[in-house]
Amino acid sequence: MAHVFEPAPTGRAKCRGCGKLIPKGEQRFGERMPNPFGDGEMTLLFHPLCAAYRRPESMLQALAETSDGVAARETLERAARASAAHRRLSRVDGAQRAPNARAKCRSCREPIPSGSWRIRLAFFEAGRFLPGGFVHLDCHRTYFEGHDALASVVHFSPDLSDQERDELTRAWGAAIARAPGS
Ligand SMILES: [Zn+2]
Ligand SMILES: [Zn+2]
């Protein structure tokens with residue numbers, strides 16, 4: 001069965017990408033995949049933009065197979081193409097200030113200081129996103145090999161306040177300015 005765009009029949013389903021509810025009547029994306037735990041297929045539900053960032057190949061395939069009725073098609077296509085350009089971009093799960101200094105950066109292997117910004121990663125496995133550690137904000141250029149991940153980092157940080165989002169964006173810009181070769 002093909003992936004599907006459809007209006008959400010209820011407001012009770014959560015998006016696999018961001019964990020938030022998909023409002024009733026809003027367009028949702030259903031990714032069809034073989035059931036990893038048994039026979040048949042399963043459907044993973046997403047906000048379309050969440051799927052574009054995190055499941056870019058499925059989104060691009062669905063856009064190619066769906067001729068009309070897709071809201072914000074250009075936005076979805078742009079996000080999916082950006083995310084598909086580098087495998088690691090689809091791992092972005094948002095950003096937060098480190099609550100302690102226990103985590104090591106997956107890029108440089110150094111500890112991430114308490115209170116500093118870190119990028120959360122998640123890996124897709126058997127139909128689920130599993131926590132995949134963290135990267136220093138300063139290491140994002142290295143980890144994502146120069147691809148810009150700020151839009152999806154902000155997208156998957158819905159619980160930040162406006163002020164925190166501004167701080168994150170400024171810290172991101174400062175990290176780029178400090179990076180070698182910029
Ligand atoms: Zn979502
Ligand atoms: Zn690092």
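This is a predicted model: local features need pLDDT of at least 70, side-chain atom pairs count only at pLDDT 80 or more; totals for chains, interfaces and linings use all residues.

Colleague: What coordinates the zinc ion (ligand 1)?

Modeller: Cys-15 (SG), Cys-18 (SG), His-47 (ND1) and Cys-50 (SG) do, at 2.1 to 2.3 Å. Donors are N, O and S atoms within 2.8 Å of the metal (3.2 Å for Na, K and Ca), and sites may look incomplete because water is not among the atoms.

Colleague: And why is the arrangement around the zinc ion (ligand 1) tetrahedral?

Modeller: Because its four donor atoms subtend angles of 97 to 118°. Four donors count as tetrahedral if all angles lie between 85 and 135 degrees. The ideal for four tetrahedral donors is 109.5 degrees.

Colleague: Where do Cys-18 and His-47 sit in the chain?

Modeller: Cys-18 is in the loop between strand E1 (4-7) and strand E2 (27-34), while His-47 is in the loop between strand E3 (41-46) and helix H1 (48-54). They are 29 residues apart, so the pair links distant parts of the chain. Helices (H or I, at least four residues) and strands (E, at least two) are DSSP runs, numbered from the N terminus.

Colleague: Is His-47 buried or exposed?

Modeller: His-47 is buried, at 14% relative accessible area, whereas Cys-18 is partly exposed at 23%. Buried means under 20%, exposed over 50%, and partly exposed in between (1.4 Å probe, protein chains only).

Colleague: Now, which residues coordinate the zinc ion (ligand 2)?

Modeller: Cys-105 (SG), Cys-108 (SG), His-136 (ND1) and Cys-139 (SG), at 2.1 to 2.4 Å. That site is tetrahedral too, with angles of 96 to 119°. Along the chain, the donors of ligand 2 follow C-x2-C-x27-H-x2-C, and those of ligand 1 follow C-x2-C-x28-H-x2-C.

Colleague: How accessible are the cysteines there?

Modeller: Cys-105 is buried at 1% and Cys-139 is buried at 12%, but Cys-108 is partly exposed at 32%.

Colleague: OK, sheets. In what order do E1, E2 and E3 come?

Modeller: They form an open, antiparallel sheet in the order E1-E2-E3. E1 and E3 are the edge strands, each pairing on one side only. Two strands pair if DSSP finds at least two bridges between them; E2 and E3 have six. One of the bridge partners is Thr-43 in E3, for Arg-32.

Colleague: Which helix packs on that sheet?

Modeller: Helix H2 (residues 56-65), touching E1 and E2, with its direction at about 110° to that of E2. Contact means heavy atoms within 4.5 Å. Axes are lines fitted to C-alpha atoms, for helices over the stretch in contact, and angles run from 0 to 180 degrees between N-to-C directions.

Colleague: What about E4, E5 and E6?

Modeller: Those three strands form an open sheet in the order E4-E5-E6, with antiparallel pairing. Seven bridges join strand E5 (residues 117-125) to E6, and Phe-123 stands opposite Leu-130 in E6. Helix H6 (residues 162-178) packs on this sheet, touching E4 and E5.

Note on methods:
Residues are numbered from 1 along each chain as its sequence is written. Chains are lettered from A and ligands numbered from 1 in the order in which they are written. Side-chain values use heavy atoms; hydrogens and water are left out. Four donors count as tetrahedral if all angles lie between 85 and 135 degrees; four count as square planar and six as octahedral if opposite donors are over 155 degrees apart and all others between 65 and 115; anything else is irregular.
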